Amino acid sequence: MDQKINILIVEPGKEPRPAAVEDTLEAFQQIVGGPIEAGCYLPQRVMLICNGEGKNMGLPLNRPNPTDQGDYIHGTFLLCSFEGERFASLSPAQQTQFQAYFALPGSEGGSGQ
């Protein structure tokens with residue numbers, strides 16, 4: 001039985017928003033609009049999952065890639081936690097930190113720093 005996990009969804013031009021989604025490959029692919037690429041490991045055991053073909057598909061620029069200066073993430077991406085090889089829910093503290101980190105410039109949440 002699939003269970004829901006708490007994630008953040010970050011769409012181009014929008015503030016990050018929390019969501020509860022099924023912990024399935026299909027659910028993640030639907031959010032990012034194609035094949036997922038997981039591997040951008042952020043502090044506090046947070047993983048950034050994006051469309052692995054987003055740049056080649058011409059998806060819109062979203063946010064600077066936090067682990068590759070000068071590169072951008074194209075299209076919608078999501079943030080979740082991980083435990084071993086399994087995806088897991090973000091804690092409330094992780095949600096707060098990364099909503100602020102990926103907030104749009106000039107928004108109440110911060111500047112991405």
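Q: What should I know before I start?
A: Residues are numbered from 1 along each chain as its sequence is written, and side-chain values use heavy atoms, without hydrogens and water. As the model is predicted, local features need pLDDT of at least 70 and side-chain atom pairs pLDDT 80 or more, while totals for chains, interfaces and linings use all residues.

Q: Which residues of helix α2 are buried?
A: Buried means under 20% relative accessible area, and exposed over 50% (1.4 Å probe, protein chains only). In α2 (residues 92–101), Gln94, Gln95 and Phe98 are buried. Seen down the axis, they fall within an arc of 100° (taken from the directions from the helix axis to the C-beta atoms), so they line one face of the helix. Pro92, Ala93 and Thr96, on the other side, are exposed.

Q: Which residues touch the most other members of the largest nonpolar core?
A: A nonpolar core is a set of buried Ala, Val, Leu, Ile, Met, Phe, Trp, Tyr and Cys residues joined through side-chain atoms within 4.5 Å. Here, they're Ile7, Val21, Phe28, Ile31 and Leu78, out of 14 residues. Helix α1 gives the most to this core, with four residues. A second, separate core has 13 residues, including Val10 and Phe98.

Q: Is histidine 74 buried or exposed?
A: Histidine 74 is buried, at a relative accessible area of 15%. Contact means heavy atoms within 4.5 Å; beyond its neighbours within four places in sequence, histidine 74 contacts residues including Leu59 and Pro60. The backbone oxygen of leucine 59 lies 3.0 Å from a polar atom of the histidine 74 side chain.

Conventions:
Polar contact = N/O pair within 3.5 Å; in protein donor to acceptor, adjacent residues only side chain to side chain. Helix = DSSP H or I, 4+ residues; strand = E, 2+ residues; numbered from the N terminus.
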